[in-house]
Amino acid sequence: MTHAPAGCSLIPSGSGVIDAEHGAILDLLSVMTAGGPVGLVELTALRLEVAEHFATETVEMAVLTAERRERHEHAHRNYLASIDALVNTAERGDPVTSDDANRLMLWFIVHSNTADTELVEATRRAGNEPPMISMDEWLDSLDEADRDALRS
């Protein structure tokens, strides 16, 4: 199994709202990939957070071409289906491992760092610039991540 490198991170998209949602999802995935068993509670929380995030992105996708929007939405549907499959596994009482969660993490990082960054840029070019995170907030978030790493 290929694992996400330690300390892997998301590229800031430039949208404060999207980046905050990405951070919340990454936090959930980080707990799930820490090595312990992954439970129904964690998977359900992840499913909810991801679905809400994808709804945010759907609003922004209006600026994309129909083909590009469909590809992005198709990727979202497939990702939610992957989470749903793991929820079903957990509901049956079968184990969901950190490797299963790691696959979710890897997909999320690649998708966020590519398709979502492209989405924010397309929105900006169309003149519908999503809310920007301030440099001070971004720097504070880096400091917080450093503090969290020191505590681990």
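Q: How many aromatic pairs does the structure hold?
A: This is a predicted model. Rings of Phe, Tyr and Trp pair if their centres lie within 6.5 Å. The number of aromatic pairs in the structure is two.

Q: Are the rings of Y79 and W107 stacked or edge-to-face?
A: The ring centres of Y79 and W107 are 4.0 Å apart. Their planes stand at 15°. Planes under 30 degrees apart count as stacked, so the pair of Y79 and W107 is stacked.

Q: Which helices hold Y79 and W107?
A: The two residues are 28 residues apart, and their pair links distant parts of the chain. Y79 lies in helix α3 and W107 in helix α4.

Q: Which residues do ring pairs link into a cluster?
A: Y79 and W107 form a stacked pair. Ring pairs also bring in F54. The cluster is F54, Y79 and W107.

Q: Is Y79 buried or exposed?
A: The relative accessible area of Y79 is 2%. Buried means under 20%, so Y79 is buried.

Q: Are α3 and α4 roughly parallel or roughly antiparallel?
A: The axes of α3 (residues 66-91) and α4 (residues 98-125) come within 11 Å. They cross at roughly 165°. Angles over 145 degrees count as roughly antiparallel, so α3 and α4 are roughly antiparallel.

Q: How many residues of the contact of α3 with α4 are nonpolar?
A: Residues including A75, Y79 and L86 in α3 meet residues including L104, W107 and F108 in α4. Four residues of this contact are polar and four are charged. The nonpolar ones number nine.

Key
Residues numbered from 1 in each chain as written. Predicted model: local features only at pLDDT ≥ 70, side-chain atom pairs only at ≥ 80, totals over all residues. Heavy atoms only, no water. Axes fitted to C-alpha atoms, helices over the stretch in contact; angles between N-to-C directions. Helix = DSSP H or I, 4+ residues; strand = E, 2+ residues; numbered from the N terminus. Parallel < 35°, antiparallel > 145°, perpendicular 65-115°, else oblique. Contact = heavy atoms within 4.5 Å. Nonpolar A, V, L, I, M, F, W, Y, C, P; charged D, E, K, R; others polar. Phe/Tyr/Trp six-rings, centres within 6.5 Å; stacked < 30°, edge-to-face > 60°. Buried < 20%, exposed > 50% of the residue type's maximum accessible area, 1.4 Å probe, protein only.
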